[in-house]
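My entries follow in the order of looking.

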Amino acid sequence: MYQEHKQKAILKYLKENAYKMCRKPSGNFTCAYVEPGANYINSLWDWDSRFGVEALFDLTEKLKNSSDFDYLATKEMIIECGKGCIINFLDKQLEDGFTPIGVFSGDDWFERIKHAHDSGNVNNQMKPVLAQFIRIVGDYSNDFKFFDLDKVKKYFAYYDEHQLDAWSNLYVWQNDLMVGIDNNPGVFFRPSKSSADIYLNALMVEDLNAFAYVLEKLGDKEAKLYKDKANALKDLINKEMYDERDAFYYTQDVIVDRTVEKTGYHHGFPLENKGLPIKIRSLAGFFPLWAGIPTKEQVEDIVKKNFNDDSILCKAGIRTLAKNEKMFDERESNNPSNWLGPVWTIGNVVVWKALKKYGFDDLAETIRQKTIDLLGDSVINDGGFYESYRGNGEHMLFLGFLSWNCLVSEMLDENIKL
């Protein structure tokens with residue numbers, strides 16, 4: 001059993017603190033929800049809540065037979081919060097299907113987003129995690145009828161109408177605001193709708209597959225439509241976004257000047273490429289593995305070429321940007337948070353799960369142990385988790401951050417008891 005004392009310290013901390021993410025309805029929230037913790041009080045964020053609820057479900061099952069733990073009441077509470085997160089997002093959906101990235105309890109943030117949207121200054125909508133969220137909650141609660149199905153279809157339709165690039169058939173960000181991997185250099189400060197982000201497109205494959213699954217559970221005949229869309233996007237990602245030489249997935253620049261006359265020096269050969277690769281190795285490039293997009297052979301090459309030094313895999317786990325990229329930087333930053341190298345545990349979890357999926361158990365185990373060491377030391381020495389860490393394990397902002405850090409529950413040995 002690896003570092004049993006650290007695993008017990010983590011489990012004890014989770015038992016005492018993780019459920020603090022659960023919040024009752026208030027202000028703009030018509031339903032219960034989960035917040036990320038630390039610096040993000042009274043707020044609901046899209047992928048934070050999706051991964052946070054997944055973590056709470058796993059933790060609750062781990063603690064099922066623990067002393068002083070009311071399993072049934074806790075399970076009921078977190079199901080209510082999981083369903084509530086989804087309903088709160090859909091309650092704020094606009095007429096055209098735009099679904100916000102976040103909801104806040106007591107300020108006018110959403111009204112500002114709505115005003116900007118109505119004025120034509122459109123922001124990114126909710127990241128493609130909504131159907132994944134519904135699948136997770138539906139499976140755990142054995143209930144797939146708690147949400148408005150038509151609104152979820154409108155959410156996907158909005159992506160197709162406003163964030164699907166007609167030239168490449170890849171999904172793009174409307175701008176660089178609140179994309180999750182905040183200052184991802186393939187997106188940050190780049191022109192509007194120019195970045196077909198590999199992370200965005202991988203999330204979309206997962207979300208389309210999740211919605212097909214949900215529709216099958218509901219007996220909806222459109223399930224095949226979404227499954228076919230997921231498979232088509234998966235094939236396109238492998239064709240246009242995977243670099244065989246580097247064995248890595250890259251974001252694509254999809255801006256094309258379509259106003260150029262096809263005469264003179266432009267008429268002799270057609271423009272056929274769908275995008276120019278932005279060849280920067282970042283955490284974003286590993287999301288296709290998590291979404292099951294590459295073949296086993298591709299993953300073998302990815303592992304061979306990207307885990308042979310400390311440029312990506314470091315003491316704390318998976319760097320958000322390779323150390324040998326010239327923009328690598330581990331300074332503390334907020335709004336945007338810094339993803340130019342610091343380790344965020346969501347990256348550890350994503351790569352760990354992907355490697356397990358493809359049978360690379362030894363490397364997956366290495367990442368599991370690094371994550372247990374990182375968060376175990378953080379709990380023992382500082383009394384909690386931080387939002388991010390430097391590659392050497394030093395903490396950054398913010399103590400008390402929970403969210404996807406709680407997914408470390410899935411990494412703990414099954415026989416760990418308090």
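I looked up N42 and found it partly exposed, because its relative accessibility is 30% (buried is under 20%, exposed over 50%, partly exposed in between, with a 1.4 Å probe and protein chains only). Phi of N42 is positive, near 55 degrees, and N42 is not a glycine. N42 sits in the loop between β2 (33–34) and β3; helices (H or I, at least four residues) and strands (E, at least two) are DSSP runs numbered from the N terminus.

I note that this is a predicted model, with local features needing pLDDT of at least 70 and side-chain atom pairs pLDDT 80 or more, while totals for chains, interfaces and linings use all residues. Residues are numbered from 1 along each chain as its sequence is written, and side-chain values use heavy atoms, without hydrogens and water.

I then checked S403, another non-glycine residue with positive phi, near 40 degrees. S403 counts as buried because its relative accessibility is 1%. It lies in the segment after α12.

Next I looked for cis peptide bonds. The bond from N335 to P336 is cis, with omega near 10 degrees, and P336 is in the loop between β11 (317–318) and α11 (345–357). L397 and F398 are also joined by a cis bond, with omega about -20 degrees; F398 belongs to the segment after α12 (361–382).

I turned to α5. Of its 12 residues, 11 are buried, and these pack against α2, α3 (71–91), α6 (149–162), α7 and α9 (287–290) (contact means heavy atoms within 4.5 Å). After α5 comes N142, with a positive phi near 55 degrees.

Which residues touch the most other members of the largest nonpolar core? I found W47 and F287, in a core of 143 residues (a core is a set of buried Ala, Val, Leu, Ile, Met, Phe, Trp, Tyr and Cys residues joined through side-chain atoms within 4.5 Å). Helix α7 (residues 198–218) gives the most to this core, 13 residues. Among the residues that W47 touches are K127, Y199, F287 and W404, leaving out those up to four places away in sequence.

Last, I looked at the largest pocket, which holds about 600 Å³ of space. Of its 28 lining residues, W45, M178, D182, N335 and S337 are closest to the centre (a pocket is an open set of points on a 1 Å grid over the protein atoms alone, where a 1.4 Å probe fits, with protein on both sides within 12 Å along at least five of seven lines; lining residues have an atom within 4 Å of a point). The elements giving two or more residues to the lining are β3 (43–45) and α2 (46–62).

Note on methods:
Points joined across faces, edges and corners; volume = space filled by probe spheres on them.
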